[in-house]
Amino acid sequence: MQSLNSGSMYALKDVLGKGKGIVAIENISKGTRILSEEPVITTPEYQQDDEWLKSHLSQQVDVLSEPQRQSFLSLHNLYPFQNIVEQSLGIIRTNALPIEADGIGGGIFLEASRINHACDNNAQKAWNQCIKRHTVHALRDIAKGEEITIYYLGLDSSREVRQKKLEDKFGFLCSCRLCSLTTELSQKNDEMLERIDYLDDLIGRDGMQMKFFLRTLRYVDERVRLYNEQGPGNSGLPRAYLDAAQIAIANGDLARGRIFAERAVEGWRIANGSDSKEVIRHGSLARNPATLPLYGLSMKWKTSLNEVPQELDLDDFEDWLWRRGKSNKLGQSGLLTDLHNREIFPGFTALPSSNPLDMKFYEVVDGTYQPLRHWCFLGEITDYTTLHHLELELTDIDEKKIPLHFYTDSRGSELVPAQIQKGYTVAVLYAQRRAFTYGDPGIRHEDPQKLKNVPWMQKEWRVLESMREVLVVLVL
Ligand SMILES: C[S@@+](CC[C@H](N)C(=O)[O-])C[C@H]1O[C@@H](n2cnc3c(N)ncnc32)[C@H](O)[C@@H]1O
């Protein structure tokens, strides 16, 4: 085993099926800066013609010290070459990492360029503009002997998309733990990623609109829970916590705002280091949340910094933090119950009416109606039409046919055709009975969060005895 830097906590090693890689030679704890490196060669920010680029790079290769030059020329190269200039270009195309500095787009880092990819990476790379170095930090504890891995792609995406990109761009088929999941588990993971993406869109769409604050906070809450299910140290977590902090502070809630901001900053400290621009920029928000320009847009959730409950256990504390309230507490995942439990799965006629609102089912929290308990309407798709909006004909547990009208922003086009199939089951959380000016009473669907199309239940839902999977819908 060859150590790259004397005193470093990793060594360069052959890794089966991956060429070289870097491996921990001691236990490395979460948040440790594993590597901090200056580029030996940089590439311009904007595309230049090949001749200019070749001469620009040759000049930089020529001034490398002999050990650096040898190390550079031994880096992995995905491209064919006839001479040293073409070889250098190929190495740069294969290994350059982004640099966000004026006029510079990327760079070659002799050590960081040896780090292989994993979709469930244990370390994170980042360009740190404050210290003008590339850094790599441990996202979780890494045991001695474990390979250090980073994520080569920009966004999380499904296994199929990731694998295609990695093959096209980097010439390998990823066989990391996530890519090696069984089809069923991989599909579940992909669905989770899709949902995270969708929530991101919803959060972006609602933005900081006052009337949607509580709803947006719910989306962020769900997003954070999904990230945590993905495993520790997900790189999307700090941004999600920052969103939550902004929502809380905009509503005058300094106590929660500070906790969310602290969590965001801690996530960035672990992934990018205390001297990163994110920690520097948002650290002051965590110290003094009232400095956020949006502070006090509304004061309806007003708290002072110290109004943090001290006696709560972990779960209750999270419920308080996310304003889950009685009605928004999570159901118990995995609990077995009966699909024929009419209280949880009522037929259409037992749903609360929407106008006037049936107050046996609701309480008022922060000026909004919140359900007092969980219920979920299940209906099998027996027909569908699209005119101005998507309309599903659903058959409920009593064989009653009712229409489900899509009044979401996209009028139902957010569902892909594969999801709308006769025989599939639709689960609508907290569904209400509604009268329509034209046509039969039915369900008006507006909040994308409250609907789940559940193809895996298909027609059997009316005879299933266990409802484990249905409860998954309830805890989303
Ligand atoms: C930046 S280099 C990483 C270091 C490289 N393994 C070496 O020997 O210098 C990127 C190349 O490493 C290989 N590689 C990276 N991650 C891999 C993985 N998870 N599985 C297989 N090969 C991988 C691919 O050939 C990829 O084009």
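The axes of α8 and helix α9 (residues 277-287) cross at roughly 160° and come within 9 Å; axes here are lines fitted to C-alpha atoms, for helices over the stretch in contact, and angles run from 0 to 180 degrees between N-to-C directions. That angle makes α8 roughly antiparallel to α9, a label for angles over 145 degrees, with under 35 being roughly parallel, 65 to 115 roughly perpendicular and the rest oblique. The crossing of α8 and α9 is left-handed, a term used if the near helix is turned anticlockwise from the far one by less than a right angle. On the α8 side the contact is made by R258, A261, E262, A264, V265, W268, R269 and N272, and on the α9 side by E278, V279, H282, G283, L285 and A286. Two residues are in contact if their C-beta atoms, placed from the backbone, lie within 7 Å. The residues of this contact of α8 with α9 divide into seven nonpolar, three polar and four charged. Ala, Val, Leu, Ile, Met, Phe, Trp, Tyr, Cys and Pro count as nonpolar, Asp, Glu, Lys and Arg as charged, and the others, Gly among them, as polar.

This is a predicted model, in which local features need pLDDT of at least 70 and side-chain atom pairs count only at pLDDT 80 or more, while totals for chains, interfaces and linings use all residues. Residues are numbered from 1 along each chain as its sequence is written.

Helix α8 (residues 254-272) also packs with helix α7 (residues 237-250), at an angle of about 160° and with the axes 8 Å apart. Helices α7 and α8 are therefore roughly antiparallel to each other, and their crossing is left-handed. Residues of α7 including L237, Y241 and I249 meet residues of α8, among them L254, F260 and W268. The contact of α7 with α8 holds 13 nonpolar, two polar and two charged residues.

Turning to the ligand, G19, K20, H76, N116 and F172 come nearest of the 20 residues around it, a residue being near if its C-beta atom, placed from the backbone, lies within 6 Å. The shell is made up of seven nonpolar, ten polar and three charged residues. At least two shell residues each come from β3 (19-24), α3 (84-95) and β8 (116-117), and β3 supplies the largest share, three residues.

Overall, the protein has twelve helices and 19 strands, which are DSSP runs (H or I, at least four residues, for helices; E, at least two, for strands) numbered from the N terminus.
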